[in-house]
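Me: I have a model open and want to go through it piece by piece. Can you take some quick questions?

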Amino acid sequence: MTTQGMPSMDPRPTGLTIGTYDTYREAQRAVDYLSDEKFPVEHTTIVGNNLRQVEKITGRLTWGRALTAGLASGAWFGLFVGLLLGWFTSGSWIAAVLTGVVLGAFFGLVFGGLSYAQSAGRRDFTSRTAVVATTYDVLCDFKFAEEARNHLAKLALKGEVHPRLPEQPAPQSGQAPLQRPQD
């Protein structure tokens, strides 16, 4: 279902691969370069290949860290609520802010402790999780692909990005491997 006036996005990418890059930053730079060259970038797509979930462990989780994190997040939320209440009260806004911070910190401390106790030592570490791709392909609609490849070749010659070379087919038995012609 689409929102009226909003185009639907087909999740299956189409087009020819005009470049393959090791990082998203390089693929993004390639599309940005095409835009700088006045190329119609609305005909391009960046596709991440071979997605993986990576969890980077950031440290040990102890009672002290769990309680401190709960206290801090509760205090921030209490500050937000206290500022909102203080803005709309006719009394002392400072009292509303302080009450919000103190109550938020207390409840954050309690809920931080309860959530850590509930884990029963099964996950005594903190981490950050990200989904990353092994490579990133830049695809382009068929009728614009040759022009886009020409632009990206100029970018590669500048050395700002390092596209992957297309994989060469493996030689069949009895054939000599493909070699580049000598200049």
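Me: Is arginine 123 buried, partly exposed or exposed, and at what relative accessibility? Which is it?
Reply: Arginine 123 counts as partly exposed, because its relative accessibility is 39%. Keep in mind that this is a predicted model.

Me: What does arginine 123 form a salt bridge with?
Reply: With glutamate 55; the closest N and O atoms are 2.5 Å apart. Arginine 123 sits in the loop between α3 (93-119) and β4 (125-132), and glutamate 55 in strand β3 (residues 52-60), so the pair links distant parts of the chain, 68 residues apart.

Me: And glutamate 55, buried or partly exposed?
Reply: Partly exposed, at 33% relative accessibility.

Me: Let me step back. How many helices and strands are in the protein chain?
Reply: Four helices and five strands. Starting at the N terminus, the order is β-α-β-β-α-α-β-β-α.

Me: What share of the residues is buried?
Reply: Buried residues are 25% of the 183 in the protein chain. The chain exposes about 13,900 Å², and carbon and sulfur atoms supply 60% of that area.

Me: What about contacts? How much comes from residues 24 or more positions apart?
Reply: Counting contacts with a separation of 6 or more, 82% are between residues 24 or more positions apart.

Me: Back to charges. How many salt bridges does the count come to?
Reply: Five.

Me: Which residues are linked in a network of salt bridges?
Reply: Arg29, Asp32, Asp36 and Glu160. Within it, aspartate 36 pairs with arginine 29, with the closest N and O atoms 3.8 Å apart. The side chain of arginine 29 also meets that of glutamate 160, at 2.6 Å from N to O.

Me: Where do glutamate 160 and arginine 29 lie?
Reply: Glutamate 160 is in the segment after α4 (145-158) and arginine 29 is in helix α1, so the pair ties together parts that are 131 residues apart in sequence.

Me: How exposed are those network residues? Start with arginine 29.
Reply: Arginine 29 is partly exposed, with a relative accessible area of 24%. Glutamate 160 is partly exposed at 40%, and aspartate 36 is partly exposed at 44%.

Me: Now a charged residue without a partner. What is the nearest side chain of opposite charge to glutamate 26?
Reply: Arginine 164, which is 7.7 Å away. Glutamate 26 is buried and has no salt bridge. The cut-off for a salt bridge is 4 Å between a side-chain nitrogen of Lys or Arg and a carboxyl oxygen of Asp or Glu.

Me: Where does glutamate 26 lie, and what is around it? Which residues is it in contact with?
Reply: Glutamate 26 lies in helix α1 (residues 24-36). Leaving aside neighbours within four places in sequence, glutamate 26 is in contact with Tyr21, Val161 and His162.

Me: Next, threonine 20. Buried or exposed?
Reply: Threonine 20 counts as buried, because its relative accessibility is 18% and the cut-off for buried is under 20%. Threonine 20 is part of strand β1 (residues 16-21).

Me: What does its side chain make a polar contact with?
Reply: The side chain of threonine 20 makes a polar contact with the side chain of aspartate 137, at 2.7 Å. Beyond neighbours within four places in sequence, the contacts of threonine 20 are Thr135, Tyr136, Asp137, Pro163 and Arg164.

Me: Last, backbone. What is phi of lysine 38?
Reply: Near 65°, a positive value in a residue other than glycine. Most residues other than glycine have a negative phi. Lysine 38 is in the loop between α1 and β2 (44-49), and is exposed at 71% relative accessible area.

Me: And asparagine 50, where does it lie?
Reply: Asparagine 50 is in the loop between β2 and β3. Its phi is near 50°, also positive in a residue other than glycine. Asparagine 50 counts as exposed, at 57% relative accessibility.

Notes
Residues numbered from 1 in each chain as written. Predicted model: local features only at pLDDT ≥ 70, side-chain atom pairs only at ≥ 80, totals over all residues. Heavy atoms only, no water. Helix = DSSP H or I, 4+ residues; strand = E, 2+ residues; numbered from the N terminus. Buried < 20%, exposed > 50% of the residue type's maximum accessible area, 1.4 Å probe, protein only. Contact = heavy atoms within 4.5 Å. Areas by Shrake-Rupley, 256 points an atom, 1.4 Å probe, with all protein chains shown as cover. Lys, Arg positive; Asp, Glu negative; His and termini not counted. Polar contact = N/O pair within 3.5 Å; in protein donor to acceptor, adjacent residues only side chain to side chain.
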